[in-house]
Each structure stands twice: as C-alpha cells, then as structure tokens.
Amino acid sequence: MIEFNQVHKSYRIGARAVAALHPFDLRIAHGEVFGIIGASGAGKSTLLRLINRLESADGGRITLDGADVNALDASGLRTLRRRVGMIFQHFNLLAAKTVAANVAFPLKLAGDMTATEVASRVEQLLARVGLSEHAHKFPAQLSGGQKQRVGVARALACKPKVLLCDEATSALDPQTTRSVLQLLAELRREFDLTIVLITHEMDVIRRVCDRVAVLDEGRIVETGSVTDVFLHPRHEVTKRFVDESEQVDSAEQRRDFIAASGRVFRLTFRGESTYAPLLGAVARETGVDYSILHGRIDRIGRTPFGQLTLALREGNIEAALQRFRDAQVSVEELH
Amino acid sequence: MDGSWFGNVDWHDIGTATLDTLAMLGGSLLLTVLLGLPLGVLLFLTSRGQLLQQRFVYAMLSLVVNILRSVPFIILMILMIPLTVFVAGTSLGVAGAIPPLVIGAAPFFARLVETALREVDRGVIEASLAMGATTGQIVWRALLPEAMPGLLAGITVTAIALVSYTAMAGTIGAGGLGDLAIRHGYQSFETDVMFVTVVLLLVLVQILQMAGDRLVLRYSRR
C-alpha cells in the first residue's frame, strides 16, 4: 500500500544540512494500523508528512498504491491528498466555521458534489462520530475529544483509503484518548482504511496498532508486530518506551531482581494461554518453588497477554522451563 | 463676529462639509481596502515560510510599502498632485482628495492585513493543504474567513486614520470638515467653528470605532 525505498530527508539550518531522516525502507500493508513511535525530534512527523508530500523527500522513492508520490504534478498531488485523510494533534479546525461547515470543507474544495449531496454526507459523517447535535456549534464551543471527532469526520469526508494521524491523541486526556482510539479502530474496519499514526506514547500503539516502527534520531531502530515489539523490545529506545508506558523504573527493578534469591526468569504468555492455570501445575510437577517479583496482565489490541517475572528455587528448574516452553510461553532468564 | 454662542457657525456650510468628509472617507476607504487587501495577501504569501515564498518579490513590495508609509501624508498629497490630476481630473474637492488618501492609507492597511493573516493558526493552512486545497482556495476559503476579526479591526483603524487624513487634505483644497476648521477656526479665529468641526470629527471617529468593535465581536469565534 505505502512503500518507502531508501527515502531520506535533511533540513538546512543556516549553511549546515541536518539529517531529519537517514535513508530507510518501510512497507505499510493495505488495511493495517501502522504506528510510528519516537521522541520529539526523532523525525516521525516528517516521515508521516512524506506520505502526502506536505514534506518532500530529498531522495528515494515513496509509492502509495503504486503511484510515485514525488513524481506527481500539482494537480496529481491534490488528487492524491484528497484520497489521504489527515488528523492533527491540535485538530486544526477552522475556527470561523461551524462543525458542519468544517466537515463540508474538503467536499467543497473538491467541488464535485451538489450542495444537497454535501449536506447529506456531512449529516451522515457527524452521526457516525456522534456529533449530530453539535452541527451548528463552532469549534471553540467543543471539548478536545469532540474537536478531534470533527477532525476525524472531516478527514473521512472524501472517502480516503489512507488516514494519517499526527499525534492525534496527544492533546487529550487518557479517557478521551481511549474513546478516540476506539473510534479509529471501528472506522478502520468500516471504511477499509489503512491508518498510519505517529505518537510518543506506547499505550496508543498497544491499543490500536498492528505493527510499529520505532524511530530514534532519524533512524528506524526496530520494526515488527506490536506484540513482538511490546513484549520483547530489543533496542534500548524501545525498552524505554515500554517501561515508560508500564511506569516501570527499570534500574530499580534490576536491583530488586538481583537481590531476589534463586534464578530470575521472565515468562510471557500470549492469547489464551494467559488465562490457563499453568503456574501451580508446573510447580507441583517439578517441585520448584516460585515467588512472583513482578507481573502484569493486559491486552495488546484485542489479544490478551501476561508477563510474569519469577524467582525460581529448588526442584527441577530445567524441567519447569521446558514445561513452560511446551505451553507456548516464552522464557527469558534475567538474572 | 457677534457675541452669541456659535454666531459664526453657518450650519449649511457645516452640513456640506460633513457630507464632503463622509464622501472622502467612504470613497477612499473602499478603494483602500480594494487595493490594500490584495497587497497585504501578497505580502503575506510571499513572506518567509509561506505558500508562495519569494524573497525578492517580498523585499520589493515591502520596500514600496515602507517608502509610502514613511512619507508624511501632507507631503505625499503635494507630491502626488500631478498624478492626482491625471487620475481624477482635478486635485481639488472630494475627487481630488481620494487618490492621495488611498495611496497614503493602502500600504498601512496592507501591513495590517499581513499581520492579521499571520495571526491565523498555521495548522489551518497545513490542514487545508492536506485536504488538497489550491493556494487560491486557501486564501479565499480559509485564510480570509479565519482572519476576519483581525481584518475588520484593521479596516476600523484605517478608517479612523483616514478621518484625520481627510482633515489634512482640507489644507490643500479638498473641502470637508478639516478645511472648515483650518480656514474659519484657525485662520479667522472663529473658535466656535473650530469647536463644532472638532466635535463632529470626534463623533465620527467614535461611531466608526463602535461599529468596528461590534463587527469584530460578531465575527470572533475563539
């Protein structure tokens, strides 16, 4: 769907060229929700804007549905942009226009619908995002979550195939964030959308994304399915994002693990095995004694997962580990 | 001069002068907006980091605007007499006053337009671009409507500046309240005439400011 081939970009600061994105490759498949996570200044905002050419690449090739984005002329680019919706951190609504007029805006720019068609499409979109009764209000009269819903309705007005989300929930409180993410997940299925979102919060990635790329100082340092990256982060930057979202102080935790008696393992359960009564059974069978140092059970998207850090003592530890592996639980020795 | 209050005041003259002032103000304000608005939009669009960034064009426009703004209005009027005669057929009366008023006020208004457009959230331009808007659509459908309160405030300030310019224009034969104030009030020591004209100008300015404030409020959505 979206492909980057050796794409790179730098900015000029005075006489110096500063690399915003080092050459990278990336493929985003049709229908997936692809997340890009990075600290501010990592280049994620630039990467996102390359897709609809709000920023143009210095080199390399970007294709969207097979079309070379950089080769488009002005009118080709406008056509492409109408097929790519975008929502923003600060919503970027027109303050002087009503909610309904904001949603109608892209339809009027395209100019290929009659006024009645526009009105009925706007009504339909506002109903879908749950803002029908606010149609005649101005953006300043809405809450942040409502504003972003207007942004979503506006972005979907021209029936795009791709939706770009630029830190779309970063200005919202946790509860509103969840409801906006929920809406995106629903719309993705209803409209067969491919969603690319950038964020600095692992929690956003965990809730809606299928795959994720971790960006650090202009380089993609890790890519993979959200479950893999979230449960088994490899790069330091990724680990930091995961710890942050779990509110874990990894240095403090390491001290605790070292202090624990016995060998320390981290077990990761995925899917149905999360709820299986495995731990007690293994302990009985192999005679190991365990203490739980740390644990969490949650969901990634709709898949449940569990992660337990255990200290194991006595009994047949190797046999216990084999039993876990046989039950599709991944095991890492920490200490 | 007799001793009664307002003995020197010829109310018929005052009426004519007031109408002349209003005609000068209305005509010049309309033309100032028609000329200054596109100039201000162009200044904004060609400035750094904007849609049509053009350093040379911006520098040239900016220079012309600055030159015109730095010439004192009374000198500008005199300098412009040949051009005024060419354009309006005369350098006297209401018609003769309008060209220098417009040339004096349009660059000022253009700067106010530029500033008002700068106040528009950049995100709105970006969102419009992302929706596939052309530059023309961005100007007409996004920038100008979003900047409306600022533009209306700019028109108000310009209108009030034009009131004082019309009074100055009176000194070179434009007529109006300023002319009356200078010929009768100042040169002939008819203090009562001076008083009446000044009060009328004050009322005019007051009305313009109040009307402007109301319009600004009406279009403010923040």
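1. A crossing of two helices is called left-handed if the near helix is turned anticlockwise from the far one by less than a right angle, and right-handed if clockwise. By that rule, α1(B) passes α2(B) in a left-handed crossing. By class, the contact between α1(B) and α2(B) has seven nonpolar, two polar and no charged residues (Ala, Val, Leu, Ile, Met, Phe, Trp, Tyr, Cys and Pro count as nonpolar, Asp, Glu, Lys and Arg as charged, and the others, Gly among them, as polar).

2. Some housekeeping before going on. This is a predicted model, where local features need pLDDT of at least 70 and side-chain atom pairs count only at pLDDT 80 or more, while totals for chains, interfaces and linings use all residues. Residues are numbered from 1 along each chain as its sequence is written, chains are lettered from A and ligands numbered from 1 in the order in which they are written, and side-chain values use heavy atoms, with hydrogens and water left out.

3. Back to that helix pair in chain B. Helix α1 (residues 11-46) of chain B packs against helix α2 (residues 55-70) of chain B at an angle of about 140 degrees, and their axes are 9 Å apart. Axes here are lines fitted to C-alpha atoms, for helices over the stretch in contact, and angles run from 0 to 180 degrees between N-to-C directions. So α1(B) and α2(B) are oblique to each other (under 35 degrees counts as roughly parallel, over 145 as roughly antiparallel, 65 to 115 as roughly perpendicular and the rest as oblique). On the α1(B) side the meeting residues are L39(B), L42(B), L43(B) and T46(B), and on the α2(B) side V57(B), Y58(B), L61(B), S62(B) and V65(B); contact means heavy atoms within 4.5 Å.

4. Now chain A as a whole. Chain A has 12 helices and 14 strands, taken as DSSP runs numbered from the N terminus (helices are H or I, at least four residues; strands are E, at least two). The C-alpha trace of chain A spans about 75 × 50 × 35 Å along its principal axes. Of its 335 residues, 51% count as buried, where buried means under 20% relative accessible area, exposed over 50%, and partly exposed in between (1.4 Å probe, protein chains only). Among contacts in chain A with a separation of 6 or more, 70% come from residues 24 or more positions apart.

5. Which strands make up the open sheet in chain A, and in what order? There are four, arranged β12-β13-β11-β14, with antiparallel pairing. The edges are β12 (289-300) and β14 (330-333) of chain A, each with a single partner strand, so one side of each has no neighbour in the sheet. Neighbouring strands in this sheet are turned by 20 degrees against each other on average, direction ignored.

6. Inside that sheet, strand β11 (residues 263-270) of chain A and strand β13 (residues 303-313) of chain A pair in the antiparallel sense over eight bridges; two strands pair if DSSP finds at least two bridges between them. L267(A) sits opposite L308(A) in β13(A). Helix α12 (residues 317-326) of chain A lies across β11, β13 and β14 of chain A and runs at about 15 degrees to β11(A).

7. Elsewhere in chain A, look at β9. Strand β3 (residues 33-38) of chain A and strand β9 (residues 211-216) of chain A pair in the parallel sense over five bridges, with F34(A) opposite R211(A). β9(A) also pairs with strand β10 (residues 219-225) of chain A, in the antiparallel sense over six bridges, and here D216(A) stands opposite R219(A). The hairpin of β9(A) and β10(A) has two residues between the strands, and E217(A) takes a positive phi near 45 degrees.

8. Most residues other than glycine have a negative phi. R53(A), in the loop between α1 (44-51) and β4 (59-64) of chain A, has phi near 55 degrees. F91(A), in the loop between β6 (84-88) and α3 (99-110) of chain A, has phi near 65 degrees. Is F91(A) buried or exposed? F91(A) is buried, at a relative accessible area of 10%.

9. T177(A) belongs to helix α6 (residues 174-191) of chain A and counts as buried at 10% relative accessibility. Not counting residues up to four places away in sequence, T177(A) touches T169(A), L172(A) and V204(A). D179(B), in helix α9 (residues 176-187) of chain B, is buried with a relative accessible area of 12%.
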